[in-house]
Amino acid sequence: MLKGMKARATCPLDCPDACSLLLTFHGGRLARVEGDPRHPITQGFACAKTYRYPERVRERLLYPMRRVGHKGEGRFVRVSWEEALEAIAQRLKEVLDRYGGEAVLPYHYAGTMGLVENQHPLAFFRAIGAAELLETICATAGGAAWEMTYGPRLAPDPEDIPENTRYILLWGINSLSTHSHLTPFLKEARKRGAKVVHIDPYENLTSRFADWHLKVRPGTDAALAYALAHVLFREGLVDEDYLAQAATGVEAFRQAAEAWSPKRASALTGVPEEAIWQLAREIGEARRVFLRVGYGMTRHPGGGNALRAVILLPALLGAWRYPGCGAMLSTSGAFPLNKRFLGGRHLLEGDHPHRGYFRPNPGVRRVNMNQLGTALTELQPPIRALFVFNSNPLVVAPNTGRVKEGLAREDLFTVVLEQVMTETARYADYLLPATLFYEHPDLYTSYGHYYLSWNEPLSPPEGEARPNTWVFRELARRLGLEEPTLYWTAEEVARSLLDRDHPYLQGLTLEALKREGFLKLNLPRPFLPFAQGPVRFSPPPEVIPTEPLPDYPLILLTPPAHRFLNTTYGNVRALVEAEGGEPRLLIHPEDAAARGVTEGALVHLRSPWGRVVRRAHLSEAPIPGTVVLEGTWWEGWAPDGKGINHLTSERLTDLGEGSTFHSTPVEVEPLRLAEEGLRI
Ligand SMILES: Nc1nc2c(c(=O)[nH]1)N[C@H]1C(S)=C(S)[C@@H](COP(=O)(O)OP(=O)(O)OC[C@H]3O[C@@H](n4cnc5c(=O)[nH]c(N)nc54)[C@H](O)[C@@H]3O)O[C@H]1N2
Ligand SMILES: Nc1nc2c(c(=O)[nH]1)N[C@H]1C(S)=C(S)[C@@H](COP(=O)(O)OP(=O)(O)OC[C@H]3O[C@@H](n4cnc5c(=O)[nH]c(N)nc54)[C@H](O)[C@@H]3O)O[C@H]1N2
Ligand SMILES: [Mo]
């Protein structure tokens, strides 16, 4: 890369925006990141955190290392790749010979969204018959709810919003922070007359942007949706033609809605009765409604049902008939890629000829990633080898106390592939340096728009960093595995993904992507994904409210922070300071007064699963009864050095076996009181 020249790359992080970025290098190092003005969604701006990417990787891992201290202590010595790979392969062979593939567990999520580096490492694990990780930490409750209701995850094209949308509902999503490249489209729609309404248990950036904010009690959205439907039916505001033509099961749903008068729903949800009447009438008259739902409301025991109830509202209104209208959870279902060989999925199908020494196992045991703590401490027969990549489980997985207990096991062999020294990395037996998004090739989809993109490496890896797929290829070779897809290059993986005869993909060849960087899917115009349905109202969604417990009367929400991306960027001092320097607990003055909690005081926050210390910030932002801690902070920034997931549980959602991060029953006590008889 020439000095000072800008080069394009897609942001790899787990965010709907999948931005096109312009990178400037000085002396071979990344110096500056900007948004690409050529990309119709990125529109020339990067988010508050991405501008800081160079700071995030200033102190990155550059060489393979072997642990010399205790697990968690973070003392390592540098070793050669040869030594690390030989030692890992040797240990793996022992585990496989003695205990079989199911004693090996890969733990991975979305540190990079690139399909090659995110998914293709799994081919190695499938070829050795390793336990299969269920990737449930984020989107499966929502995914299952959407699937039951509409089928594929398709949404209105955001580019169609300004011209067509009259009413915008942002429900259970702080989109100004977590889908920030939607904002220009919302602003433009508002300029043309659309009203913006936010429905969320606490006031955040998006509430302040909205024209109207309704505070709802966590986990009660299904009741609110039913009450809105109740009014729509009663006042003849539903689109009967659309329902007759595109929907099934409406009658049972109508009967269920009958039972949810605004008065009854108001008592459960905390939303004033008058507001429910008004909102129902406004959306009923507007019809051209764009509903953006987030995964926030799904992170509850009844989250799947809640989401189903909410996403049925645009169908009642016939909103799907209009471009830019309907509901958006995700756009990911529009990318018609051939994923059969990605990550060796075919190896799980069991219909392929058996090659090599290890026998892939289609009926292999599965581990839900939300239950890592239990998997590492209780599962029988035990997990003996753990490979972590694209994830920071010590901080992001629920019930950190359990997870730490598992990671600390002396008999657990742990390999971590990372870019920076995370708190998980400190538990590695071998810590391997991973490349950054501009150092390896990859193919990117998006879950907030319809552009597909390709990153060409822009600079050689710094130090001895290597792509995840390189590491697993090297291990495969050392184990003598013969499965050919294990050895595919990134380009071969991409070509296989694009090898599908589908109208959306017409003209989207790897060559074209390399030339252009990004290309939009060839969606039909106008894009009306569910104008003809099918919309399934049955079974009618259940109302399963999130309940506090007698000793834990408050509900804790832990939604994303504006300037972190999960734990990524949590090591950047400037961003940490802009977030307030330490994680703070937002508590309503009424809840604080009832507990003798004062502004700025340290408090104990405890749940049935653990306790942490935080500084309290009194704020009218949360609905009373709910406390909020924004951001999954690195443990080190907290007053007691403990992350927030010490409090959360492994409980799963009603649909999709998803996470329940926003449903934690807690109690808050001033530190001094609690310290009688207890130590932090
Ligand atoms: N800045 C930033 N952006 C991010 C991320 C980040 O960490 N930081 N994370 C990325 C990732 S991995 C994801 S999955 C997405 C997350 O995105 P989503 O979960 O889809 O949406 P969020 O914007 O996090 O919104 C969650 C909102 O749901 C609210 N909420 C919680 N419980 C309930 C409820 O019961 N009912 C209702 N109505 N609302 C509820 C919370 O208060 C919060 O405002 O964002 C991505 N973008
Ligand atoms: N309490 C609470 N907990 C939560 C959430 C919440 O809202 N509340 N949100 C949940 C959600 S939605 C999600 S998606 C998960 C996110 O959980 P994770 O996917 O684990 O996300 P990150 O914390 O960002 O960690 C990703 C790690 O991958 C590394 N990485 C990036 N690129 C690469 C690469 O190419 N190779 C390798 N080897 N490593 C790479 C980064 O350095 C980073 O440390 O957290 C969940 N945890
Ligand atoms: Mo996520």
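Let's begin at ligand 1, which is surrounded by 34 residues, the closest being Thr 178, Asp 200, Asp 221, Tyr 295 and Phe 564. Here a residue counts as near a molecule or strand if one of its heavy atoms lies within 4 Å of it. Before going on, please note that this is a predicted model, in which local features need pLDDT of at least 70 and side-chain atom pairs count only at pLDDT 80 or more, while totals for chains, interfaces and linings use all residues. Residues are numbered from 1 along each chain as its sequence is written, chains are lettered from A and ligands numbered from 1 in the order in which they are written, and side-chain values use heavy atoms, with hydrogens and water left out.

Several polar contacts can be listed for ligand 1. A polar contact is a pair of N or O atoms within 3.5 Å; within protein, one must be able to donate a hydrogen and the other to accept it, and residues adjacent in sequence count only if both atoms are side-chain atoms. An oxygen atom of the ligand sits 2.5 Å from a polar backbone atom of Tyr 295, and a nitrogen atom of ligand 1 is 3.4 Å from a polar backbone atom of Ile 199. On its own, ligand 1 has 900 Å² of accessible area, and the protein covers 97% of it. These areas come from the Shrake-Rupley method with a 1.4 Å probe; for residues, only the protein chains shown count as cover.

What classes of residue make up the shell around ligand 1? There are 17 nonpolar, twelve polar and five charged residues. In this scheme Ala, Val, Leu, Ile, Met, Phe, Trp, Tyr, Cys and Pro are nonpolar, Asp, Glu, Lys and Arg are charged, and the others, Gly among them, are polar. Domain 3 (141-329) and domain 4 (554-676) each supply at least three residues to this shell. The domain bounds come from an automatic or database domain assignment.

Now turn to ligand 2, where Ser 391, Glu 418, Thr 567, Thr 568 and Asn 645 come nearest among the 32 residues around it. Taken alone, ligand 2 exposes 930 Å², of which the protein buries 96%. The shell around ligand 2 has eleven nonpolar, 17 polar and four charged residues. Why does ligand 2 lie between domain 2 (65-137 + 334-436 + 463-483) and domain 4 (554-676)? Both domains give residues to its shell, so it lies between them.

Glu 418, one of the residues nearest to ligand 2, also belongs to strand 16 (residues 413-418), where six of six residues are buried. Buried means under 20% relative accessible area, exposed over 50%, and partly exposed in between (1.4 Å probe, protein chains only). Helices (H or I, at least four residues) and strands (E, at least two) are DSSP runs, numbered from the N terminus. Phe 413, Val 415 and Leu 417 are buried on one side of strand 16, and Thr 414, Val 416 and Glu 418 on the other.

Strand 16 runs parallel to strand 15 (residues 385-389), with five bridges joining them; two strands pair if DSSP finds at least two bridges between them. In one of these pairings, Phe 387 has Val 415 as its bridge partner. Strand 17 (residues 430-433) is also parallel to strand 16, through four bridges, and there Glu 418 is partnered with Pro 433.

Finally, let's look at some backbone details. Most residues other than glycine have a negative phi, and most peptide bonds are trans. Asn 390, however, has a positive phi of about 55 degrees. This residue is in the loop between strand 15 and helix 19 (393-396), and Asn 390 counts as buried because its relative accessibility is 13%. Arg 287 has a positive phi as well, near 60 degrees; its place is the loop between helix 14 and strand 12 (289-293). With a relative accessible area of 25%, Arg 287 is partly exposed. A cis peptide bond joins Gln 380 and Pro 381, with omega about -15 degrees, and Pro 381 is in the loop between helix 18 (372-377) and strand 15.
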